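Me: I'm new to this one and would like a close look at a single part, the surroundings of the ligand. Could you walk me through it?

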Amino acid sequence: MSQFQANGDQLQLNGQPLSLVRQHAGQTPFYAYDRSVIHQKVRLLRQKLPAQLKFHYAVKANPMPAVIHFLAGLVDGLDVASGNELREALNTEMNGSHISFAGPGKQKAELTMAVGTQTTINVESFNELKLLKEISDELGVRARVAVRVNPDFELKSSGMKMGGGAQQFGVDAELAPSMLEKITEYGLHYRGLHIFTGSQNLNPESIITAHKGIFELANRLQDSAKSDIETLNIGGGLGIPYFPGEKPLPLEPIGESLEPLMQQFYSRWGNCKIAMELGRFLVGDCGIYVSEVIDIKHSRGTEFVVINGGLHHHLAASGNFGQVVRKNYPVAVGNKMSQSKDKAVQVVGPLCTPLDLLANKYELPKIDIGDLIVIYQSGAYGFTASPRDFLSHPQPVEILV
Ligand SMILES: *Cc1c(COP(=O)(O)O)cnc(C)c1O
């Protein structure tokens, strides 16, 4: 993968050979994240997208504390999806005024944390808004709220749809005006609007169309708001390539289309903060998942490479996290980078299920026991998005290099 180099046989992460990275981890399997790749992604966004656009890190993509703290020094805000994520976000140099909290089913204790710390709460329902009024009264602190809107259009070609049609996320665009009224009636602090349409999109045209829809909707809704808009969160959705044939998303056309949309919005509503919230795009390609070959078996003409990691650590790479058809993540032998391919093998984990398949008919150099199998594009929705207790195997560790 182009974000990493190799030195002879050794894959390199942030200038360190994999053999050294493995010593840092102290065991296999492990996840390793390269901070230079994260930094490069932030630089790319700032170069190619409008200068006034702010970037938030969506913590759930990779909530390893070291990663959150590193990103807190590079981005303009953090988005959290639970009270525990909020606590860690508050442990960084950011305070509540740079943090927003989204997600259906927020509980009273979580909302109380958010109100008390002046975190912006992206409200997902009328019940939640009422609870926020009660908490504000109890604490004597006005909740800072933004309306998460389920748009009246859909994002095409996104890997995971998060808006449009019937959704558990946000309030339907048609109901947003009455929520805006309620915010005024309850005396809460109106921050603005949050419109998130979908995730893992590699098609710039469909992202541009979504942005046009988002700004059109935001203009329409702000017309019926009683207070000024302070923040407009236009969601994220920028994808990264995982599978053969997928290419990195070109950012230039997205930036060119956003610039006039933002300028029109400012001219109409004054200088509010317009932010994009990104998880996968910021951290997805900084990460590798590394496990060790513990057995090599042959069955009726097929070679099975058995590793000490598997779907319990990396559900997405096994194809069981939202994929419709299983496809291979990019894989390499991290200690044989200069060796040519030998034959196609099955890379399988130690679980007692045929679903524990990490690479299907994948051409790799000749494998020996002890080799390090590297799965790329593993920095987002890996470690914490996997059923790590399934079969009670040892846990992987995470490091940031
Ligand atoms: C998960 C999530 C994100 C991040 O999505 P990515 O595809 O990882 O960029 C952004 N906003 C909200 C509200 C989310 O729930």
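By class, how many nonpolar, polar and charged residues does the shell around the ligand have?

Reply: Happy to. Keep in mind that this is a predicted model. Sorted by class, the shell around the ligand comes out as 5 nonpolar, 3 polar and 4 charged residues. That's 12 residues surrounding the ligand, and the closest are Lys60, Ser199, Glu277, Arg280 and Tyr381.

Let's go through some of those close neighbours. Start with Lys60: an N or O atom in its side chain sits 2.7 Å from an oxygen atom of the ligand. Then look at Glu277, where a polar side-chain atom is 2.5 Å from a ligand nitrogen atom. With Arg280, look at the backbone: one of its backbone N or O atoms is 2.8 Å from an oxygen atom of the ligand. As for how covered the ligand is, it exposes 380 Å² when taken alone, and the protein buries 93% of that.

One is a pair of helices. Two packed helices are described by the angle between their axes and the distance between the axes. Here, helix 2 (residues 35-48) packs with helix 3 (residues 65-72) at an angle of about 40°, and their axes are 11 Å apart. The crossing of helix 2 and helix 3 is right-handed. On the helix 2 side, the residues are Arg35, Ile38, His39 and Val42, and they meet Val67, Phe70 and Leu71 of helix 3. By class, the residues of this contact split into 5 nonpolar, 1 polar and 1 charged.

Two loops are worth a glance as well. In the loop between helix 1 (18-25) and strand 4 (30-33) you'll find Pro29. The peptide bond leading from Thr28 into Pro29 is cis, with omega near -10°. Further along, Gln118 is in the loop between helix 5 (108-116) and strand 8 (120-123). Gln118 isn't a glycine, yet it has a positive phi of about 60°.

How values were computed. Residues numbered from 1 in each chain as written. Predicted model: local features only at pLDDT ≥ 70, side-chain atom pairs only at ≥ 80, totals over all residues. Heavy atoms only, no water. Axes fitted to C-alpha atoms, helices over the stretch in contact; angles between N-to-C directions. Helix = DSSP H or I, 4+ residues; strand = E, 2+ residues; numbered from the N terminus. Left-handed = near helix turned anticlockwise from the far one by under 90°. Contact = heavy atoms within 4.5 Å. Nonpolar A, V, L, I, M, F, W, Y, C, P; charged D, E, K, R; others polar. Near = heavy atom within 4 Å. Polar contact = N/O pair within 3.5 Å; in protein donor to acceptor, adjacent residues only side chain to side chain. Areas by Shrake-Rupley, 256 points an atom, 1.4 Å probe, with all protein chains shown as cover.
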